[in-house]
Amino acid sequence: MKQDTQSITNDEPNDGVLLPIGEVSALTGVNAVTLRAWQRRFGLVIPARTPKGHRLYTSKNIQEIHEINAWLAKGVAISKVKPLLMSAAKLSSEMIESQVVDLWGEQIIALNAALFDFNQHKLQQILDDAFGLYPFQLLKEKLLQPWLNQLEDLVDERLDAELILAWLKSELLSRVGGRYAFTGQAVAARMAVVQLSRGAATPPNSARTKSLFSLLLSLELASLRVSVIDLGEQAIGSLPLLQGRLNVDALLLIPDPNHSGSEQTEMLTVLAQMSFPCRFVGPFAPTLISLSAFWAPSMTDLIGQIPSRSMGKVNISHKGKGKSIGVSQSEQGNSGENNDIS
(Lines give C-alpha, C1' and ligand atoms only; values in the text may rest on other atoms or scores of the structure.)
Protein backbone atom coordinates (compact mmCIF):
# COMPACT_ATOMS: atom_id res chain seq x y z
CA MET A 1 0.00 0.00 0.00
CA LYS A 2 1.37 3.41 -0.94
CA GLN A 3 2.50 5.42 2.04
CA ASP A 4 2.18 9.21 2.42
CA THR A 5 5.41 11.13 2.55
CA GLN A 6 6.06 12.27 6.11
CA SER A 7 8.19 15.05 7.55
CA ILE A 8 8.98 16.08 11.09
CA THR A 9 7.04 18.97 12.53
CA ASN A 10 9.69 20.62 14.69
CA ASP A 11 13.28 21.65 14.07
CA GLU A 12 15.34 19.11 12.23
CA PRO A 13 18.00 17.41 14.40
CA ASN A 14 21.58 18.33 13.57
CA ASP A 15 22.82 14.79 12.96
CA GLY A 16 19.76 13.70 10.99
CA VAL A 17 19.26 10.44 12.91
CA LEU A 18 15.54 9.79 13.34
CA LEU A 19 14.29 6.57 14.91
CA PRO A 20 10.73 5.39 15.71
CA ILE A 21 9.80 4.54 19.26
CA GLY A 22 10.08 0.77 18.74
CA GLU A 23 13.72 0.99 17.64
CA VAL A 24 14.56 3.36 20.47
CA SER A 25 13.00 0.92 22.93
CA ALA A 26 15.17 -1.89 21.56
CA LEU A 27 18.31 0.27 21.72
CA THR A 28 17.82 1.54 25.26
CA GLY A 29 15.82 -1.18 27.04
CA VAL A 30 13.09 1.33 27.91
CA ASN A 31 9.72 0.24 26.57
CA ALA A 32 7.42 2.51 24.60
CA VAL A 33 4.88 2.87 27.40
CA THR A 34 7.60 4.10 29.76
CA LEU A 35 9.02 6.56 27.21
CA ARG A 36 5.57 8.04 26.73
CA ALA A 37 5.08 8.28 30.51
CA TRP A 38 8.43 10.04 30.97
CA GLN A 39 7.45 12.61 28.36
CA ARG A 40 3.87 13.12 29.53
CA ARG A 41 4.43 13.19 33.29
CA PHE A 42 7.93 14.60 33.68
CA GLY A 43 8.77 16.42 30.44
CA LEU A 44 11.66 14.06 29.72
CA VAL A 45 12.90 12.88 26.30
CA ILE A 46 10.82 15.11 24.00
CA PRO A 47 10.91 13.64 20.47
CA ALA A 48 10.15 15.12 17.08
CA ARG A 49 6.77 14.32 15.51
CA THR A 50 5.55 13.47 12.04
CA PRO A 51 2.41 15.26 10.77
CA LYS A 52 0.43 12.20 11.83
CA GLY A 53 1.81 12.40 15.35
CA HIS A 54 4.33 9.54 15.35
CA ARG A 55 7.35 10.05 17.59
CA LEU A 56 10.79 10.22 15.99
CA TYR A 57 13.84 10.25 18.27
CA THR A 58 17.25 11.81 17.65
CA SER A 59 20.62 10.64 18.87
CA LYS A 60 20.39 13.42 21.48
CA ASN A 61 17.15 11.89 22.75
CA ILE A 62 18.83 8.49 22.99
CA GLN A 63 21.76 9.97 24.93
CA GLU A 64 19.26 11.54 27.33
CA ILE A 65 17.63 8.15 27.87
CA HIS A 66 21.01 6.62 28.73
CA GLU A 67 21.67 9.43 31.21
CA ILE A 68 18.27 8.91 32.81
CA ASN A 69 18.95 5.18 33.13
CA ALA A 70 22.26 5.97 34.82
CA TRP A 71 20.56 8.17 37.42
CA LEU A 72 17.86 5.58 38.02
CA ALA A 73 20.51 2.91 38.59
CA LYS A 74 22.02 5.13 41.32
CA GLY A 75 18.69 5.15 43.16
CA VAL A 76 17.26 8.48 42.03
CA ALA A 77 13.48 8.43 41.56
CA ILE A 78 12.30 9.28 38.05
CA SER A 79 10.41 12.29 39.45
CA LYS A 80 13.73 13.83 40.59
CA VAL A 81 15.80 13.19 37.46
CA LYS A 82 15.02 16.28 35.36
CA PRO A 83 16.86 18.85 37.53
CA LEU A 84 19.88 16.55 37.60
CA LEU A 85 19.96 16.35 33.79
CA MET A 86 19.75 20.12 33.49
CA SER A 87 22.53 20.92 35.94
CA ALA A 88 24.55 17.74 36.40
CA ALA A 89 27.87 19.48 35.74
CA LYS A 90 27.25 21.95 38.59
CA LEU A 91 26.08 19.48 41.21
CA SER A 92 28.26 18.56 44.14
CA SER A 93 28.46 14.96 45.32
CA GLU A 94 26.53 15.97 48.45
CA MET A 95 23.68 17.39 46.37
CA ILE A 96 23.56 14.27 44.26
CA GLU A 97 23.52 12.01 47.30
CA SER A 98 20.60 13.98 48.71
CA GLN A 99 18.51 12.88 45.73
CA VAL A 100 19.29 9.20 46.25
CA VAL A 101 16.68 7.41 48.37
CA ASP A 102 16.01 3.82 49.28
CA LEU A 103 13.27 3.77 46.67
CA TRP A 104 13.38 0.02 46.11
CA GLY A 105 13.49 -0.90 49.79
CA GLU A 106 10.39 1.20 50.40
CA GLN A 107 8.66 -0.47 47.47
CA ILE A 108 9.49 -3.95 48.76
CA ILE A 109 8.02 -3.14 52.17
CA ALA A 110 4.85 -1.85 50.50
CA LEU A 111 4.61 -4.91 48.23
CA ASN A 112 4.94 -7.28 51.19
CA ALA A 113 2.24 -5.42 53.13
CA ALA A 114 -0.14 -5.65 50.19
CA LEU A 115 0.73 -9.30 49.59
CA PHE A 116 0.19 -10.51 53.15
CA ASP A 117 -3.14 -8.65 53.28
CA PHE A 118 -4.21 -10.05 49.88
CA ASN A 119 -4.76 -6.41 48.88
CA GLN A 120 -5.10 -6.75 45.13
CA HIS A 121 -5.70 -3.06 44.42
CA LYS A 122 -2.63 -1.92 46.34
CA LEU A 123 -0.34 -4.62 44.96
CA GLN A 124 -1.30 -3.91 41.35
CA GLN A 125 -1.12 -0.15 41.90
CA ILE A 126 2.49 -0.42 43.13
CA LEU A 127 3.41 -2.69 40.22
CA ASP A 128 1.60 -0.47 37.69
CA ASP A 129 3.62 2.55 38.82
CA ALA A 130 6.89 0.63 38.80
CA PHE A 131 6.37 -1.04 35.42
CA GLY A 132 5.11 2.18 33.86
CA LEU A 133 7.99 4.38 34.98
CA TYR A 134 11.11 2.20 35.07
CA PRO A 135 12.89 -0.05 32.53
CA PHE A 136 12.25 -3.72 33.20
CA GLN A 137 15.90 -4.75 33.61
CA LEU A 138 16.32 -2.11 36.32
CA LEU A 139 13.12 -3.31 38.00
CA LYS A 140 14.33 -6.89 37.83
CA GLU A 141 17.69 -6.08 39.43
CA LYS A 142 16.56 -3.53 42.03
CA LEU A 143 13.00 -4.56 42.91
CA LEU A 144 11.62 -7.84 41.64
CA GLN A 145 14.59 -10.16 42.23
CA PRO A 146 15.35 -8.83 45.74
CA TRP A 147 11.65 -8.90 46.62
CA LEU A 148 11.12 -12.50 45.54
CA ASN A 149 14.39 -13.64 47.14
CA GLN A 150 13.38 -12.02 50.43
CA LEU A 151 9.89 -13.46 50.16
CA GLU A 152 11.20 -17.02 50.26
CA ASP A 153 12.57 -16.42 53.75
CA LEU A 154 9.57 -14.42 54.93
CA VAL A 155 7.02 -17.14 54.16
CA ASP A 156 9.21 -20.09 55.12
CA GLU A 157 7.70 -20.63 58.58
CA ARG A 158 4.17 -19.37 57.83
CA LEU A 159 1.20 -21.74 57.81
CA ASP A 160 -0.33 -19.74 54.95
CA ALA A 161 2.85 -19.80 52.84
CA GLU A 162 1.37 -21.77 49.95
CA LEU A 163 -1.80 -19.65 49.94
CA ILE A 164 0.28 -16.47 49.76
CA LEU A 165 2.43 -17.78 46.92
CA ALA A 166 -0.58 -19.11 44.99
CA TRP A 167 -2.29 -15.71 45.26
CA LEU A 168 0.90 -13.93 44.21
CA LYS A 169 1.27 -16.23 41.21
CA SER A 170 -2.27 -15.42 40.11
CA GLU A 171 -1.69 -11.68 40.46
CA LEU A 172 1.66 -11.63 38.65
CA LEU A 173 0.50 -13.85 35.81
CA SER A 174 -2.48 -11.57 35.28
CA ARG A 175 0.08 -8.97 34.21
CA VAL A 176 1.67 -11.24 31.62
CA GLY A 177 -1.12 -12.14 29.21
CA GLY A 178 -1.31 -9.81 26.27
CA ARG A 179 1.27 -7.25 27.46
CA TYR A 180 2.90 -7.06 24.03
CA ALA A 181 -0.52 -6.80 22.35
CA PHE A 182 -1.37 -3.69 24.34
CA THR A 183 1.76 -1.89 23.12
CA GLY A 184 0.76 -2.41 19.47
CA GLN A 185 3.97 -4.27 18.68
CA ALA A 186 4.47 -7.64 17.06
CA VAL A 187 5.51 -10.73 19.02
CA ALA A 188 9.30 -11.03 19.07
CA ALA A 189 9.40 -14.79 19.72
CA ARG A 190 7.44 -17.79 20.99
CA MET A 191 8.92 -19.83 23.82
CA ALA A 192 7.80 -22.71 26.01
CA VAL A 193 8.86 -23.03 29.65
CA VAL A 194 9.17 -26.33 31.55
CA GLN A 195 10.07 -26.89 35.19
CA LEU A 196 11.94 -30.19 35.22
CA SER A 197 10.42 -32.51 37.81
CA ARG A 198 12.09 -35.19 39.88
CA GLY A 199 8.92 -36.10 41.78
CA ALA A 200 9.43 -36.72 45.49
CA ALA A 201 13.16 -36.09 45.07
CA THR A 202 12.58 -32.34 44.71
CA PRO A 203 13.00 -30.57 48.08
CA PRO A 204 10.02 -28.29 48.92
CA ASN A 205 12.24 -25.22 49.23
CA SER A 206 13.78 -25.89 45.83
CA ALA A 207 10.32 -26.21 44.28
CA ARG A 208 9.39 -22.83 45.76
CA THR A 209 12.59 -21.25 44.42
CA LYS A 210 11.84 -22.61 40.94
CA SER A 211 8.24 -21.40 41.08
CA LEU A 212 9.23 -17.85 42.05
CA PHE A 213 11.92 -17.79 39.36
CA SER A 214 9.33 -18.96 36.83
CA LEU A 215 7.15 -15.95 37.72
CA LEU A 216 10.06 -13.55 37.28
CA LEU A 217 10.96 -15.20 33.97
CA SER A 218 7.37 -14.80 32.73
CA LEU A 219 7.43 -11.09 33.54
CA GLU A 220 10.79 -10.65 31.81
CA LEU A 221 9.68 -12.49 28.67
CA ALA A 222 6.48 -10.43 28.54
CA SER A 223 8.57 -7.24 28.72
CA LEU A 224 10.52 -8.54 25.70
CA ARG A 225 7.29 -9.26 23.77
CA VAL A 226 7.71 -13.03 23.95
CA SER A 227 4.63 -15.22 23.73
CA VAL A 228 5.01 -17.88 26.43
CA ILE A 229 3.60 -21.40 26.69
CA ASP A 230 3.89 -22.55 30.30
CA LEU A 231 3.98 -26.36 30.36
CA GLY A 232 4.39 -26.61 34.14
CA GLU A 233 6.37 -29.46 35.67
CA GLN A 234 7.44 -32.25 33.35
CA ALA A 235 9.91 -35.14 33.47
CA ILE A 236 12.85 -34.88 31.09
CA GLY A 237 11.73 -38.08 29.36
CA SER A 238 8.46 -36.48 28.25
CA LEU A 239 10.10 -33.73 26.21
CA PRO A 240 10.52 -35.79 22.99
CA LEU A 241 6.71 -36.03 22.90
CA LEU A 242 6.70 -32.34 21.95
CA GLN A 243 8.50 -33.05 18.67
CA GLY A 244 6.44 -32.00 15.66
CA ARG A 245 3.65 -30.72 17.89
CA LEU A 246 5.01 -27.53 19.43
CA ASN A 247 5.74 -24.48 17.28
CA VAL A 248 8.22 -22.47 19.35
CA ASP A 249 11.51 -20.69 18.82
CA ALA A 250 13.04 -22.09 22.01
CA LEU A 251 12.29 -24.30 25.01
CA LEU A 252 13.44 -22.97 28.39
CA LEU A 253 14.12 -25.61 31.04
CA ILE A 254 14.22 -24.80 34.77
CA PRO A 255 16.16 -27.64 36.44
CA ASP A 256 16.24 -28.86 40.03
CA PRO A 257 19.41 -28.61 42.11
CA ASN A 258 21.79 -31.55 42.25
CA HIS A 259 20.69 -33.57 39.23
CA SER A 260 22.70 -36.79 39.24
CA GLY A 261 25.24 -37.71 36.59
CA SER A 262 22.84 -40.25 35.05
CA GLU A 263 20.07 -37.65 34.91
CA GLN A 264 22.36 -35.21 33.15
CA THR A 265 23.32 -37.93 30.68
CA GLU A 266 19.62 -38.54 29.99
CA MET A 267 19.11 -34.79 29.49
CA LEU A 268 21.94 -34.67 26.95
CA THR A 269 20.43 -37.57 25.02
CA VAL A 270 16.99 -35.94 24.97
CA LEU A 271 18.26 -32.49 24.00
CA ALA A 272 20.16 -33.96 21.06
CA GLN A 273 16.82 -35.16 19.63
CA MET A 274 14.99 -31.83 19.84
CA SER A 275 14.32 -29.83 16.69
CA PHE A 276 14.26 -26.43 18.44
CA PRO A 277 16.82 -24.83 20.76
CA CYS A 278 16.62 -25.92 24.40
CA ARG A 279 18.25 -23.84 27.11
CA PHE A 280 18.61 -24.24 30.88
CA VAL A 281 17.69 -21.19 32.95
CA GLY A 282 17.18 -20.38 36.61
CA PRO A 283 19.19 -20.44 39.83
CA PHE A 284 20.11 -24.13 39.51
CA ALA A 285 21.18 -24.13 35.86
CA PRO A 286 24.88 -23.53 36.74
CA THR A 287 24.90 -26.82 38.68
CA LEU A 288 24.60 -28.73 35.37
CA ILE A 289 28.31 -28.59 34.66
CA SER A 290 28.25 -31.25 31.93
CA LEU A 291 25.48 -29.35 30.13
CA SER A 292 27.08 -25.91 30.15
CA ALA A 293 26.70 -25.71 26.35
CA PHE A 294 22.95 -25.54 26.93
CA TRP A 295 22.98 -22.74 29.51
CA ALA A 296 20.99 -19.76 28.29
CA PRO A 297 22.62 -16.40 27.74
CA SER A 298 20.60 -13.41 28.87
CA MET A 299 17.03 -13.44 27.55
CA THR A 300 17.81 -10.41 25.41
CA ASP A 301 20.76 -12.22 23.82
CA LEU A 302 18.73 -15.39 23.32
CA ILE A 303 15.96 -13.49 21.55
CA GLY A 304 18.58 -11.73 19.46
CA GLN A 305 19.66 -15.14 18.12
CA ILE A 306 16.13 -15.90 16.91
CA PRO A 307 15.04 -14.80 13.41
CA SER A 308 12.70 -11.84 13.80
CA ARG A 309 8.96 -12.42 13.73
CA SER A 310 8.31 -8.67 13.51
CA MET A 311 6.52 -7.19 10.53
CA GLY A 312 8.72 -5.45 8.02
CA LYS A 313 9.43 -1.75 8.05
CA VAL A 314 8.29 0.75 5.49
CA ASN A 315 10.93 3.30 4.53
CA ILE A 316 9.33 6.68 3.98
CA SER A 317 11.63 9.10 2.25
CA HIS A 318 11.81 12.64 3.53
CA LYS A 319 12.05 14.32 0.14
CA GLY A 320 14.51 17.10 -0.33
CA LYS A 321 16.37 16.24 2.87
CA GLY A 322 18.06 13.01 1.87
CA LYS A 323 16.66 11.16 4.89
CA SER A 324 14.94 7.83 5.31
CA ILE A 325 12.58 7.39 8.24
CA GLY A 326 11.85 3.77 9.17
CA VAL A 327 8.42 3.35 10.73
CA SER A 328 7.33 -0.22 11.40
CA GLN A 329 3.77 -1.08 10.41
CA SER A 330 2.97 -2.12 13.95
CA GLU A 331 4.03 1.32 15.21
CA GLN A 332 1.74 3.21 12.85
CA GLY A 333 -1.35 2.20 14.77
CA ASN A 334 -2.63 4.00 17.82
CA SER A 335 -0.90 2.15 20.62
CA GLY A 336 -0.47 4.85 23.25
CA GLU A 337 -2.35 5.67 26.40
CA ASN A 338 -5.16 8.23 26.10
CA ASN A 339 -4.88 8.17 22.29
CA ASP A 340 -1.22 9.19 22.54
CA ILE A 341 0.13 8.26 19.11
CA SER A 342 3.41 6.37 18.82
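How many helices and strands does the chain have?

1. The chain has 13 helices and 9 strands. Helices (H or I, at least four residues) and strands (E, at least two) are DSSP runs, numbered from the N terminus.

2. A word on the source: this is a predicted model, where local features need pLDDT of at least 70, side-chain atom pairs count only at pLDDT 80 or more, and totals for chains, interfaces and linings use all residues. Residues are numbered from 1 along each chain as its sequence is written, and side-chain values use heavy atoms, with hydrogens and water left out.

3. Of the 342 residues in the chain, 46% are buried (under 20% relative accessible area, with exposed over 50% and partly exposed in between; 1.4 Å probe, protein chains only).

4. Now find the open sheet, where 3 strands run in the order β1-β3-β2 with antiparallel pairing. Its edge strands, β1 (19-20) and β2 (48-49), each pair on one side only. Two strands pair if DSSP finds at least two bridges between them; β2 and β3 (residues 55-57) have 2 bridges. Arginine 49 has arginine 55 in β3 as its bridge partner.

5. Next, visit leucine 151 in helix α8 (residues 136-155). Is leucine 151 buried or exposed? Leucine 151 counts as buried because its relative accessibility is 0%. Leaving aside neighbours within four places in sequence, leucine 151 is in contact (heavy atoms within 4.5 Å) with Asn112, Leu115, Phe116, Leu165 and Leu168.
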